[in-house]
Amino acid sequence: MRFMVIVKASADSEAGVMPTTELLTAMGRFNEEMVRAGVMVAGEGLQPSSKGARVHFSDAEPKVTRGPFSDPQSLIAGFWLIEVGSLDEAISWMKRAPFPSGDAIEIRQVFAAEDFGEALTPELREQEQRLRAGLSS
């Protein structure tokens with residue numbers, strides 16, 4: 001099972017405050033541990049929302065709103081994509097992440113092809129497989 005671990009933004013991350021060397025070192029060790037265990041698929045930190053934009057869709061032309069956006073707790077500061085056997089295993093890994101007090105993460109399972117049932121026709125399933133093969137090459 002794949003899970004996206006969403007690192008919630010904070011007032012500091014939205015202000016562009018960079019992590020300390022100590023935190024970067026601890027996070028590097030944690031990431032190395034996940035890679036060695038075959039758990040980590042990807043992971044990145046994100047720039048503050050002031051450097052981003054949102055695209056809102058409607059029946060008319062999409063509307064673009066540039067950051068910054070309010071309410072840091074509803075924003076994302078980074079993510080991991082991990083592959084483990086269960087939500088409990090994902091939780092176990094993430095409880096070991098070296099975050100300071102007050103930070104928060106959210107763990108969400110990523111859909112697999114079989115989750116879509118009959119709506120994912122054989123043609124769509126083949127397209128999905130082609131796209132995934134292209135991404136990994």
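Q: What makes up the lining of the largest pocket, in terms of helices and strands?
A: In this predicted model, five elements each supply at least two residues of the lining: strand S1 (2–8), helix H1 (11–14), helix H2 (21–36), strand S2 (40–45) and strand S5 (76–83). The lining comprises 29 residues, and those nearest the centre of the pocket are Ser 13, Val 17, Pro 19, Leu 23 and Ala 77. The space in this pocket amounts to about 870 Å³.

Q: How do you know where empty space is left?
A: A probe the size of a water molecule is rolled over the atoms, and this shows where empty space remains.

Q: Which classes of residue are found in the lining of the largest pocket?
A: The lining holds 16 nonpolar, 9 polar and 4 charged residues.

Q: How many helices and strands does the protein have, and in what order do the elements run?
A: The protein has 4 helices and 6 strands. Read from the N terminus, the order is β-α-α-β-β-β-β-α-β-α.

Q: Why is the contact between Lys 8 and Glu 106 called a salt bridge?
A: The term requires a side-chain nitrogen of Lys or Arg within 4 Å of a carboxyl oxygen of Asp or Glu. The closest N and O atoms of Lys 8 and Glu 106 are 3.1 Å apart, so the pair is a salt bridge. This pair links distant parts of the chain, with Lys 8 in strand S1 and Glu 106 in strand S6 (residues 105–109), 98 residues apart.

Q: What makes Lys 8, Glu 106 and Arg 108 one network?
A: Glu 106 also forms a salt bridge with Arg 108, and the closest N and O atoms there are 3.0 Å apart. Salt bridges that share partners join Lys 8, Glu 106 and Arg 108 into one network.

Q: Why are Lys 8 and Glu 106 called partly exposed?
A: Buried means under 20% relative accessible area and exposed means over 50%, with partly exposed in between. Lys 8 has 22%, and therefore counts as partly exposed. Glu 106 has 25%, so the conclusion is again partly exposed.

Q: How do you know that Arg 36 and Glu 32 form a salt bridge?
A: Their closest N and O atoms are 3.7 Å apart, which lies within 4 Å, so the pair qualifies. Because Arg 36 and Glu 32 are 4 residues apart in helix H2, about one helical turn separates them. By this rule the count comes to 6 salt bridges.

Q: Is Arg 36 exposed or partly exposed, and what of Glu 32?
A: Arg 36 has a relative accessible area of 64%, which is over 50%, so Arg 36 is exposed.

Q: What makes Val 55 part of a nonpolar patch on the surface?
A: Val 55 forms this patch together with Phe 57 and Val 64, and the accessible area of the three together is about 330 Å². Val 55 is found in strand S3 (residues 53–56).

Q: How far apart are Glu 33 and Trp 93 in sequence and in space?
A: They are 60 residues apart in sequence, and their C-alpha atoms are 9.9 Å apart in space. Glu 33 is found in helix H2. With a relative accessible area of 31%, Glu 33 is partly exposed.

Q: What share of the residues of the protein count as buried?
A: Of the 137 residues, 20% count as buried.

Conventions:
Residues numbered from 1 in each chain as written. Predicted model: local features only at pLDDT ≥ 70, side-chain atom pairs only at ≥ 80, totals over all residues. Heavy atoms only, no water. 1 Å grid on protein atoms, 1.4 Å probe; cavity = no way out; pocket = protein on both sides within 12 Å on 5 of 7 lines; lining within 4 Å. Points joined across faces, edges and corners; volume = space filled by probe spheres on them. Nonpolar A, V, L, I, M, F, W, Y, C, P; charged D, E, K, R; others polar. Patch = residues over 30% accessible without salt bridge, like charges linked within 9 Å, V, L, I, M, F, W, Y side chains within 5 Å. Areas by Shrake-Rupley, 256 points an atom, 1.4 Å probe, with all protein chains shown as cover. Buried < 20%, exposed > 50% of the residue type's maximum accessible area, 1.4 Å probe, protein only.
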